[in-house]
Amino acid sequence: MKTISQVAKLTGVSIRTLQYYDEIGLLKPSELTPAGYRLYDEHALQTLQQILFFRELDFPLKDIIKIMQNPDFDRISAFKKQKELLLLKRNRTDRLIQLLERLEKGEECMSFKEFDLSEYIHALEDFKVNQTDTIIKHWGSIDNFNMFIQRIKDDEENVAKLAIQHFGSIEKYTEEMKYNLEHISEIMDKEWNEEAEKIAAQSDLLYGKLTVDLTYDVSSPKIQKIVYEILEFIKKQSSSVTLDKPLIDILIDSYSNDYVKNITDKKYGDGASDYIVKAFRYYSENNTPSEK
């Protein structure tokens with residue numbers, strides 16, 4: 001057992017912070033001495049380590065509490081996802097350091113102002129706070145959604161370039177994405193109506209054609225034709241919802257999260273979800289939206 005001062009010295013977390021974690025129910029001491037002093041065992045220290053990893057990734061305390069109190073919470077799975085997020089964060093930091101090194105040498109570097117996605121990222125953060133149940137339904141968990149946001153932050157320049165290419169401006173892209181966030185359940189659940197079985201069967205057929213050979217080049221006319229058929233099929237089933245390029249973004253995001261990946265790979269084979277993402281991304285990057 002360790003006292004609160006010993007834990008503070010060992011971890012670098014202040015005594016007041018440990019007391020606060022106790023007050024909000026995030027990290028309770030293992031037991032109290034007769035005099036009321038907090039004591040922490042090895043399990044409590046492991047829990048604190050998990051909390052510190054989440055804090056390093058900028059998770060709000062209220063989200064950490066929800067995640068860790070979830071009966072399905074898996075420490076090992078969480079460690080793996082935290083590792084992936086930290087690697088993404090490190091890669092972004094490395095790129096910023098490289099940019100600074102170039103600037104120090106007097107190299108000319110473009111302005112990144114036109115690639116500012118801060119408003120879109122802020123909209124995603126607001127959505128996370130206000131639509132927790134929706135996120136868990138469609139992304140599988142809050143940490144999956146946090147990973148989705150982190151990927152956008154780490155690839156902000158390329159995401160912004162695609163946004164400008166397909167929507168004309170960051171502002172228009174942000175408005176379209178806000179609309180999709182507000183109607184995410186309508187968009188994602190549209191196909192599940194009275195003809196759900198028929199639609200699902202046709203969808204399975206198309207995705208089966210797309211993933212029949214995962215070694216096939218996604219840029220081939222054959223694969224891109226199937227992608228087009230899938231998009232046209234979904235549009236027909238979702239005629240009341242604004243789709244077109246936003247649909248491609250939604251599909252790429254959907255097949256990139258762990259929950260959908262597991263389901264897709266079980267149905268169409270290991271690697272199927274990543275293959276689908278590559279095929280949709282190639283289509284998105286090589287087909288301009290039609291004028292309307």
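This is a predicted model: local features need pLDDT of at least 70, side-chain atom pairs count only at pLDDT 80 or more; totals for chains, interfaces and linings use all residues.
Which residues do ring pairs link into a cluster? The answer is Tyr207, Tyr255 and Tyr268. Residues are numbered from 1 along each chain as its sequence is written, and side-chain values use heavy atoms, with hydrogens and water left out.Rings of Phe, Tyr and Trp (its six-membered ring) are taken to pair if their centres lie within 6.5 Å; planes under 30 degrees apart are called stacked, over 60 edge-to-face, and the rest tilted. That rule gives two aromatic pairs. In one of them, the ring centres of Tyr207 and Tyr255 sit 5.6 Å apart with the planes at 40°, so this pair is tilted. It ties together distant parts of the chain, 48 residues apart: Tyr207 belongs to helix H12 (residues 196-210) and Tyr255 to helix H14 (residues 245-256). Helices here are DSSP runs (H or I, at least four residues), numbered from the N terminus. Tyr207 and Tyr268 have ring centres 6.3 Å apart and planes at 40°, so that pair is tilted too. Here the link runs from Tyr207 in helix H12 to Tyr268 in helix H15 (residues 258-268), 61 residues apart.

As for exposure, buried means under 20% relative accessible area (1.4 Å probe, protein chains only), exposed over 50%, and partly exposed in between. Tyr207 is buried at 5%, Tyr255 is buried at 12%, and Tyr268 is buried at 18%. Ser273, found in helix H16, is buried with a relative accessible area of 0%. Leaving out residues up to four places away in sequence, Ser273 touches Tyr255, Lys261, Thr264 and Asp265, where contact means heavy atoms within 4.5 Å.

On to the second largest pocket. A pocket is an open set of points on a 1 Å grid over the protein atoms alone, where a 1.4 Å probe fits, with protein on both sides within 12 Å along at least five of seven lines; lining residues have an atom within 4 Å of a point. The second largest pocket holds about 710 Å³ of space, the volume being the space filled by probe spheres set on the points, which are joined across faces, edges and corners. Its lining has 32 residues, and Asp155, Val159, Ile252, Asp253 and Arg281 lie nearest the centre. Helices that each supply at least two residues of this lining include H14, H15 and helix H16 (272-286). The lining splits into 13 nonpolar, seven polar and 12 charged residues, with Ala, Val, Leu, Ile, Met, Phe, Trp, Tyr, Cys and Pro counted as nonpolar, Asp, Glu, Lys and Arg as charged, and the others, Gly among them, as polar.
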